[in-house]
Amino acid sequence: MNYGAIKKCDIANGIGVRVSLFVSGCRHHCKGCFNAVAWDFSYGQPYTEKTEQELLNALAPDYIQGLSLLGGEPFEPENQPVLTELLRKVHVQYPDKDVWCYSGYRYDTDLSVGGSVHTAVTDEMLSYIDVLVDGEFVEAERDLTLKFRGSRNQRILRLHDPEHAGEAVDISNKIS
């Protein structure tokens, strides 16, 4: 897997101060994408053990609320194994930090069993994600007033909500 950037002090891609990893590779090719350069799977640089350690170290300060995964597309099948391994380590080392993930794939169709990008590690990857922003960016529904998403069709889902029997809950209208 390649990645395009790591932001160690990001306040735009989730609540609080975050570490954000922008992975390479995306098959959506959304018109108006803010990061079209990352569509190419070979864009950026190779993700290595050194990269992983850099991310884990960047998460250490108390003021860092968590990790955000963006792209490109984190849920491309080629990216899932590497990101699942990272999330497994984040979960063990920083159990109080949250994880946000941005994906053009839909939670209840593409990422579910039988979905277009469901792999042997998708369920485990999802188990480590607290908030999933899902759905392709649609330029005709672009709305700059929205927090943490670019178009009205995208949803902000709190995964594994304990108040709703562990099911995903759409919190798009609760974040202002």
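Mentor: Let's start with what is tucked away: the buried residues of helix 2 are Gln-80, Leu-83, Thr-84, Leu-86, Leu-87 and Val-90. Buried means under 20% relative accessible area, with exposed over 50% and partly exposed in between, using a 1.4 Å probe on protein chains only. In general, an α-helix has 3.6 residues a turn, so residues three or four places apart point the same way.

A word on where this comes from. The model is predicted, so local features need pLDDT of at least 70 and side-chain atom pairs count only at pLDDT 80 or more, while totals for chains, interfaces and linings use all residues. Residues are numbered from 1 along each chain as its sequence is written, and side-chain values use heavy atoms, leaving out hydrogens and water.

Helices (H or I, at least four residues) and strands (E, at least two) are DSSP runs, numbered from the N terminus. Helix 2 has 14 residues and reaches 20 Å from its first C-alpha to its last, close to the 20 Å expected at 1.5 Å a residue; that expected span is 1.5 Å times one less than the number of residues.

What covers those buried residues? The cover includes strand 2, helix 1, strand 4, strand 5 (98-103) and helix 3 (122-127). Helix 2 lies across strand 2, strand 4 and strand 5, and runs at about 170° to strand 4. Axes here are lines fitted to C-alpha atoms, for helices over the stretch in contact, and angles run from 0 to 180 degrees between N-to-C directions.

Those strands belong to an open sheet of eight, in the order 3-1-2-4-5-6-7-8, with mixed pairing. Two strands pair if DSSP finds at least two bridges between them. Strand 4 and strand 5 pair in the parallel sense over four bridges.

The side chains of Thr-122 and Gln-80 are joined by a polar contact of 2.5 Å. Such a contact is a pair of N or O atoms within 3.5 Å; within protein, one must be able to donate a hydrogen and the other to accept it, and residues adjacent in sequence count only if both atoms are side-chain atoms. Thr-122 counts as buried because its relative accessibility is 0%. Leaving aside neighbours within four places in sequence, Thr-122 is in contact (heavy atoms within 4.5 Å) with Phe-75, Gln-80, Leu-111 and Val-117.
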